[in-house]
Amino acid sequence: GGGGLTFEQEVEDIVRRGVEEDVNADNIAMEVNGRKFAHDKTFGDCSAVMALTILQTLEVAASRKDAFASVTRAVKKWRPLLKKFARSEDDQTRVIQAVETFVVSDGWKAHKLMMPTLKALYDEDIVGEDAILDWAADSESASEQTKALCAECRQLIDFLQQDDDDDDDD
């Protein structure tokens with residue numbers, strides 16, 4: 001049994017291998033689900049590790065334009081897999097937190113990818129408006145890093161808040 005690997009390591013191995021070998025999303029999901037039950041974890045726990053691992057498999061890009069294209073491609077490609085696990089607003093918030101970890105990592109930090117990545121996740125319907133607005137609201141009391149990343153996303157957040165207000169008029 002896994003030689004004492006943590007849940008995170010096991011899921012990371014499954015997803016990394018899946019991405020590298022281009023395994024069908026359903027098969028990856030089945031394996032991850034097995035680990036989820038074995039370790040008594042939530043969909044959010046799975047979502048966080050999966051989103052981060054998928055992004056970490058990308059080659060570090062030279063320019064912001066390439067980085068953005070690369071991230072968007074990965075999000076589109078692995079949408080069916082992420083959708084299976086990022087079910088509730090809470091699960092989706094965990095995905096946003098995973099993105100935070102990724103965008104400040106070595107090699108990616110300079111590209112300022114928080115907003116483009118969040119927008120890609122939103123456009124692909126992996127992370128919903130409520131999760132993003134909640135993350136933004138919570139960032140007020142969060143770390144300086146989260147505050148800064150949230151500030152980078154101001155445009156997107158303002159757009160969603162406006163959209164949210166328009167919905168209330170119906």
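So, the surface: the chain has an accessible surface of about 9000 Å², and 47% of that belongs to carbon and sulfur atoms. Those areas come from the Shrake-Rupley method with a 1.4 Å probe, and for residues only the protein chains shown count as cover. Before I go on, this is a predicted model, where local features need pLDDT of at least 70, side-chain atom pairs count only at pLDDT 80 or more, and totals for chains, interfaces and linings use all residues. Residues are numbered from 1 along each chain as its sequence is written, and side-chain values use heavy atoms, with hydrogens and water left out.

Okay, the overall build. We've got 10 helices and 0 strands in this chain. By helix I mean a DSSP run of H or I with at least four residues, a strand is a run of E with at least two, and the numbering starts at the N terminus. The radius of gyration is 16 Å, close to the 15 Å that the globule rule gives for 170 residues, so the chain is as compact as a globular protein of that length. That radius is taken over C-alpha atoms, and the rule is 2.2 Å times the number of residues to the power 0.38. Along its principal axes, the C-alpha trace spans about 50 × 40 × 30 Å.

How much of the chain is buried? Of the 170 residues, 43%. Buried is under 20% relative accessible area, exposed is over 50%, and partly exposed is in between, with a 1.4 Å probe and protein chains only. As for contacts, meaning heavy atoms within 4.5 Å, take those between residues at least 6 apart in sequence: 72% of them join residues at least 24 apart.

Now let's go inside. The count is 1 cavity of 30 Å³ or more, and the largest cavity has a volume of about 50 Å³. A cavity here is a set of points, on a 1 Å grid over the protein atoms alone, where a 1.4 Å probe fits but cannot get out; lining residues have an atom within 4 Å of a point. Points are joined across faces, edges and corners, and the volume is the space filled by probe spheres set on the points.

Which helix gives the most to that lining? Helix 3, with 3 residues. Helices 3 (43-56), 4 (64-77), 6 (89-103) and 7 (114-123) each supply at least two. Among the lining residues are Ile 54, Val 75, Val 99 and Thr 117. By type, the lining has 9 nonpolar residues, 1 polar and no charged. Nonpolar here covers Ala, Val, Leu, Ile, Met, Phe, Trp, Tyr, Cys and Pro; charged is Asp, Glu, Lys and Arg; the others, Gly among them, are polar.

In helix 8 (residues 129-139) you'll find Ala 131, which is buried at 0% relative accessibility. Leaving out residues up to four places away in sequence, Ala 131 touches Glu 89, Gln 92, Thr 93 and Ile 96. Ser 139 lies in helix 8 too, and it's buried at 4%.

Last stop, the loops. Asp 40 sits between helix 2 (25-39) and helix 3, exposed at 71%, with a positive phi near 55° despite not being glycine. Lys 112, in the loop between helix 6 and helix 7, also has a positive phi, about 45°, and at 48% counts as partly exposed.

Technical notes: 1 Å grid on protein atoms, 1.4 Å probe; cavity = no way out; pocket = protein on both sides within 12 Å on 5 of 7 lines; lining within 4 Å.
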